[in-house]
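Please look over the sequence and the structure shown here before reading on.

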Amino acid sequence: KYINHQKDQKQNKTFNLIEHEIQKAKFILNRGFQYKDITQEIHQLNDWEAFAVKGIVGKKFRVQTDRNLSSTSILLDELLKRTNNRLEKINIENQELSRTQEKIDSLATEKNLYYVPADSAAKEIYRLRTLKMNSETDFVSERLKNAVDSIESLKILGDQLKFKIESDILENDALRQLELDQLFSKKVPVFQKPDLKNPMIEDPLAFSIQTNNLVLYFYLINNRNSILLMLLLIIGTAIYFELQKRKFLELGYKNDMLIGIYILNSPIASAVLVVLNIYQFILPMPPLIFSILLWTVSTIALTVIMWRSIGIFVWKIWIAIFLLNLIAMFDIIILIHFVGESFLILAVNTLGIAIGIYAYLNRSLIQRKVYLWYIILGTIMQIMSFYFLVNGHYNLGKFLMTKAVYTIIVVFSLYSTFIIVKEINLVSKTLNNYDEDR
């Protein structure tokens with residue numbers, strides 16, 4: 001009798017464990033896994049992958065540009081990361097469902113589950129519990145099987161996409177290395193019109209803008225907290241500079257007397273300039289298009305600051321450099337080579353060389369010689385860019401043009417940032433001295 005009681009206890013325990021696992025399975029199944037949304041996401045990643053490798057994998061562009069290969073590399077790395085993240089979630093869900101099914105199956109094979117009580121009443125209870133258990137087990141197992149099959153199909157789609165992206169990355173990296181190895185030796189038809197009967201890209205500019213937008217979208221999404229902090233720092237710094245200016249005005253200074261001090265002349269523009277120029281060195285690996293946008297905003301802020309605060313000659317030089325920056329930024333946005341872009345690069349080269357010659361001939365009017373040195377350096381790079389481009393070295397020509405423009409832009413911006421940092425300390429000391437005199 002004692003032995004029968006022990007068997008009954010073990011049997012009840014097994015029934016209860018099975019019931020617990022069944023309820024757990026129902027909870028997981030009712031929670032759902034958003035198969036439709038995940039399927040759509042994988043299809044979206046597939047579409048992005050196909051767009052990213054256009055002209056690189058399979059039928060290739062006539063001229064492989066370094067900018068397009070670099071942008072493609074960024075996109076493929078992001079797509080691979082997103083695919084891996086999605087596959088990880090799919091695997092976790094798959095493992096959870098599989099473990100639950102395995103647990104139910106394991107418990108259903110316990111020997112004590114098939115012990116039939118001798119007592120007629122207990123036997124009837126056993127029969128009813130067994131029928132209920134079998135019914136619920138069959139129902140849940142069927143649902144678990146369907147769920148696992150659905151997740152397995154998603155996993156296959158994800159694995160196929162992952163393999164495709166990894167293959168794309170290898171091919172793109174090989175092309176980038178090939179272009180680097182042939183940087184000085186490979187010549188391309190820079191000024192030759194493409195086959196208009198069968199173009200790979202109907203509108204190179206529209207394609208380039210779409211690619212840049214996708215790169216920016218991923219970067220902004222991944223680093224939104226850092227960018228939000230940057231904007232808050234700009235607002236806070238602008239308020240601080242504005243308060244400092246008001247204190248000077250309250251002390252009897254006139255606006256005209258504050259023109260020579262950047263943070264008092266243009267508090268908002270100074271805040272934008274100093275925060276952007278310092279903070280972008282903290283941002284995690286921004287893509288070139290994002291950095292160029294930040295430097296362009298910095299040049300706009302610097303233009304506002306310089307207005308009426310510098311000599312007419314330097315102002316003319318700066319305006320020419322500012323326009324050069326806008327044209328260069330437009331060219332950097334272009335990822336796919338076409339004949340019109342080659343002439344655009346030549347126009348930038350010509351304007352850059354003209355600025356350099358003009359600045360050198362009037363070098364006595366430039367007080368800060370550091371500006372002159374880097375303008376001359378930029379001019380030399382523009383001459384080299386012109387030479388390499390007309391000789392068919394497209395990537396090298398465009399690289400030198402970009403470096404020439406942004407070497408000057410970065411020097412002007414960083415030097416002005418250094419001045420603003422010094423002014424912050426100077427203004428604070430001046431106001432403290434006024435407070436002590438009172």
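## The model and its nonpolar core

The structure is a predicted model, and the values given below are computed from it. The largest nonpolar core holds 104 residues, and within this core the members that touch the most other members are Met-230, Ile-321, Tyr-406 and Phe-412.

When its neighbours within four places in sequence are left aside, Met-230 is in contact with Val-275, Leu-276, Tyr-279, Leu-283 and Leu-294.

## A nonpolar patch on the surface

Nonpolar side chains are also found on the surface, where Leu-228, Leu-231, Leu-232, Ile-235, Ile-239 and Leu-243 form a patch whose accessible area together is about 560 Å². One of these residues, Ile-235, is found in helix α6, which covers residues 224-250.

## Salt bridges within a helix

The count of salt bridges in the model comes to eight. One of them joins Glu-78 and Arg-82, whose closest N and O atoms are 2.8 Å apart. The two residues are separated by about one helical turn, because they stand four residues apart in helix α3, which spans residues 66-108. With a relative accessibility of 9%, Glu-78 counts as buried, since buried means under 20% relative accessible area.

A further salt bridge links Asp-149 with Lys-145, and here the closest N and O atoms are 3.2 Å apart. Both residues lie in helix α4, which runs over residues 120-181, and they are four residues apart, about one turn of the helix. Asp-149 counts as partly exposed at 40% relative accessibility, and Lys-145 is partly exposed as well, with a relative accessible area of 48%.

## A salt bridge between two helices

Lys-398 forms a salt bridge with Glu-341, the closest N and O atoms of this pair being 2.7 Å apart. Because Lys-398 lies in helix α13 (residues 394-437) and Glu-341 in helix α11 (residues 339-361), the pair ties together parts that are 57 residues apart in sequence. Lys-398 counts as buried at 5% relative accessibility, and Glu-341 counts as buried at 1%. Elsewhere, salt bridges that share partners join Glu-78, Lys-81 and Arg-82 into one network.

## Val-411 and its surroundings

Val-411 lies in helix α13, and with a relative accessible area of 14% this residue is buried. Which residues does Val-411 touch, if those up to four places away in sequence are not counted? They are Val-370 and Tyr-374. As for its position relative to another part of the chain, Val-411 and Lys-59 are 352 residues apart in sequence, and the distance between them in space is 41 Å from C-alpha to C-alpha.

Conventions
Residues numbered from 1 in each chain as written. Predicted model: local features only at pLDDT ≥ 70, side-chain atom pairs only at ≥ 80, totals over all residues. Heavy atoms only, no water. Core = buried A, V, L, I, M, F, W, Y, C linked by side-chain atoms within 4.5 Å. Buried < 20%, exposed > 50% of the residue type's maximum accessible area, 1.4 Å probe, protein only. Contact = heavy atoms within 4.5 Å. Patch = residues over 30% accessible without salt bridge, like charges linked within 9 Å, V, L, I, M, F, W, Y side chains within 5 Å. Areas by Shrake-Rupley, 256 points an atom, 1.4 Å probe, with all protein chains shown as cover. Salt bridge = Lys/Arg side-chain N within 4 Å of Asp/Glu carboxyl O.
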